[in-house]
Amino acid sequence: MAAVAPKLSVSGLSKSFATLEVLSKIGIDIADGEFISIVGPSGCGKTTFLRIVAGLEQASAGEVRIDGNLVKQPGIDRGFVFQSDNLLPWRTVLNNALIGPEVAGAATPQAKSRTLDLLKLVGLAGFEHYFPRQLSGGMRQRVNLARALAVDPKILLMDEPFASLDAQTREIMQTELIRIWEQGRKTVLFVTHQIDEAVFLSDRVLVFARRPGRLREIVDIDLPRPRALGLKRTPEFVRYVDHIWSLIEEDVRQSVLHEGG
Amino acid sequence: MKQQGWGVSTLSIAGGLLLWEGASRLAVENSLFLAAPSQIALAIVNLAVSGQLARHVEISAAEFALGYVLASVSGIAIGLIMAESERAKGILQPWVSGLYATPTIALAPLFLLWLGIGIWSKVLVVITLVLFPVVINTEAGLRTTSERLIEMLRSFGATRRQIFVKISLPSAAPFVLAGLKLGIGRGLIGVVVAELFGSRAGLGQLISQSADSFNMPNLFAAVVVLATAGIAMTAGFSWIEKRLVPWTRD
């Protein structure tokens, strides 16, 4: 891994809002095709980190590079999957998913047929001409994912995309995400509150600490792929979850006690 | 459930008309004070046959249409400007809020003095009544555009212009349409009241003329025609809304 140039390289990344330091000197290299999750207590800056990589926010110091190129603003080399689906209610599923290519001036027939394939891939075949209000929460998140993939990004950035789903739907969506990811093996940065979700999906888990937000430990998840839900009941899996929990437990306890969660 | 609702409503209207008919025939008797529905229907037919009705409707419709279209176009434009520029909003907001709350219809005699007894004084009254709800709704619709949707588009590197066209405009559309719908009723009131203050023709003029000659059937006939126009336009507008902004249905 050290031999090849990283897909995403973050170095000395810090971010302050006024006097509050949200992120402090984050540094990480991520290889092409890696699935990376970021977990940590509320207020550890994990979402801010993702937003800086997306170019939606500016770092106070440090830099983000993709394939060696400095990231300064949003662009279609990254696809962002939002926590709330942010679908446009006046557009059909297909036209929602096509909005990235459209903005980039690349809404070609090829882009359309690729997007149709993507909708099939995320399990929405037959729903292309539905409107968002006709879909369930899980289906809307599938559109959200297809929309990010439609620009064929180098890196997929996912901000707690399953947080608003019920527990069963979330489990299904996790296995679906694995299945979809196996098709293209894109580089993924996945922010989540759920430790088991992070372990289940990832090659590596970045554990953040709070005050200021910083990288506490990188946990390599050495579990075989492809992964199925049954993996969650194996002792190895539980050991990873316990280990990560032990890393953030004190932080979480503090944030719950002093700030009411 | 819905079927039953329709049935009840129809019964209610029929019952109301019957009561009205009975009351005016048996209780009031004197047609100086109240006209029965049957008399009103007859009056409408007579007015229509003599060609008077068409003349009045034509004038009122022209006044309404001119005022409504001018107010809608400029209202949307002003709303856009106010949403785009903080300074423009600062300058215009107090006037818009103030004039929206003012019963500008009270200025009708003044407009009559300025523009004469013809249609333009009425058009101006309609404009002052329709303009402000359109401005306010357009501005509010554009300003309440969801930040999350804007951010979604921004994540793909969208320009300001793209955000405006693809997000702000469509999300403001239901608000703009609601403002325009509000304008229908206000505009109709404007036409009639302005005509009451002085005019040569129009439904408002028919009303004041009928009142002067104690012709209750004709007076009510004008009111019924106005009510029908208002209901029809509002219903037509709801139909358009359903097709233009179907996502706001629930």
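The axes themselves are lines fitted to C-alpha atoms, for helices over the stretch in contact, and the angles run from 0 to 180 degrees between N-to-C directions. Helices (H or I, at least four residues) and strands (E, at least two) are DSSP runs, numbered from the N terminus.

The structure is a predicted model, in which local features need pLDDT of at least 70 and side-chain atom pairs count only at pLDDT 80 or more, while totals for chains, interfaces and linings use all residues. Residues are numbered from 1 along each chain as its sequence is written, and chains are lettered from A and ligands numbered from 1 in the order in which they are written.

| Helix pair | Axis distance | Angle |
|---|---|---|
| H3(B), residues 52–84, and H8(B), residues 160–197 | within 9 Å | roughly 140 degrees |
| H3(B) and H4(B), residues 86–101 | 6 Å | about 125 degrees |

H3(B) and H8(B) are therefore oblique to each other, and H3(B) passes H8(B) in a right-handed crossing. A crossing is called right-handed if the near helix is turned clockwise from the far one by less than a right angle, and left-handed if anticlockwise. Two residues are in contact if their C-beta atoms, placed from the backbone, lie within 7 Å. On the H3(B) side, the residues that meet H8(B) include Phe64(B), Gly67(B), Tyr68(B) and Ala71(B); among their partners in H8(B) are Leu180(B), Gly183(B), Gly187(B) and Val191(B). By class, this contact of H3(B) with H8(B) has 8 nonpolar, 6 polar and 2 charged residues. Here Ala, Val, Leu, Ile, Met, Phe, Trp, Tyr, Cys and Pro count as nonpolar, Asp, Glu, Lys and Arg as charged, and the others, Gly among them, as polar.

H3(B) and H4(B) are likewise oblique to each other. Ile78(B), Ile81(B) and Met82(B) of H3(B) make this contact with Ala88(B), Lys89(B) and Leu92(B) of H4(B). The residues of the contact of H3(B) with H4(B) comprise 5 nonpolar, no polar and 1 charged.

## Loops of chain B

Ser199(B) is placed in the loop between H8 and H9 of chain B. A residue is buried if 20 or more other C-beta atoms lie within 10 Å of its own, exposed if 12 or fewer, and partly exposed in between. Ser199(B) has 26 C-beta neighbours inside 10 Å and so counts as buried. Leaving aside neighbours within four places in sequence, Ser199(B) is in contact with Ile117(B), Lys122(B), Gly204(B) and Gln205(B).

Phe214(B) lies in the loop between helix H9 (203–212) and helix H10 (216–244) of chain B. This residue is exposed, with 11 other C-beta atoms within 10 Å. Phe214(B) has a positive phi of about 55 degrees although it is not a glycine. Most residues other than glycine have a negative phi, and most peptide bonds are trans.

## Chain A

Chain A has 8 helices and 10 strands. For 261 residues, a compact globule would have a radius of gyration near 18 Å, and the 18 Å of chain A agrees. This radius is taken over C-alpha atoms, and the globule rule is 2.2 Å times the number of residues to the power 0.38. Buried residues make up 40% of the 261 residues in chain A.

In helix H1 (residues 46–54) of chain A, 8 of the 9 residues are buried, so the helix is largely enclosed by the rest of the structure. Phe49(A), Leu50(A) and Ile52(A) are among these buried residues. Just after H1(A), Gly55(A) takes a positive phi of about 90 degrees.

Two peptide bonds of chain A are of interest here. The bond from Arg211(A) to Pro212(A) is cis, with omega near -5 degrees, and Pro212(A) lies in the loop between strand S9 (204–209) and strand S10 (214–220). The bond from Arg225(A) to Pro226(A) is cis, with omega near -5 degrees, and Pro226(A) is in the loop between S10 and helix H8 (235–259) of chain A.

## Contact between the chains

The contact takes 14 residues from chain B and 20 residues from chain A. On the chain B side, H7(B) supplies the largest share, 6 residues.

Technical notes
Angles under 35 degrees count as roughly parallel, over 145 as roughly antiparallel, 65 to 115 as roughly perpendicular and the rest as oblique.
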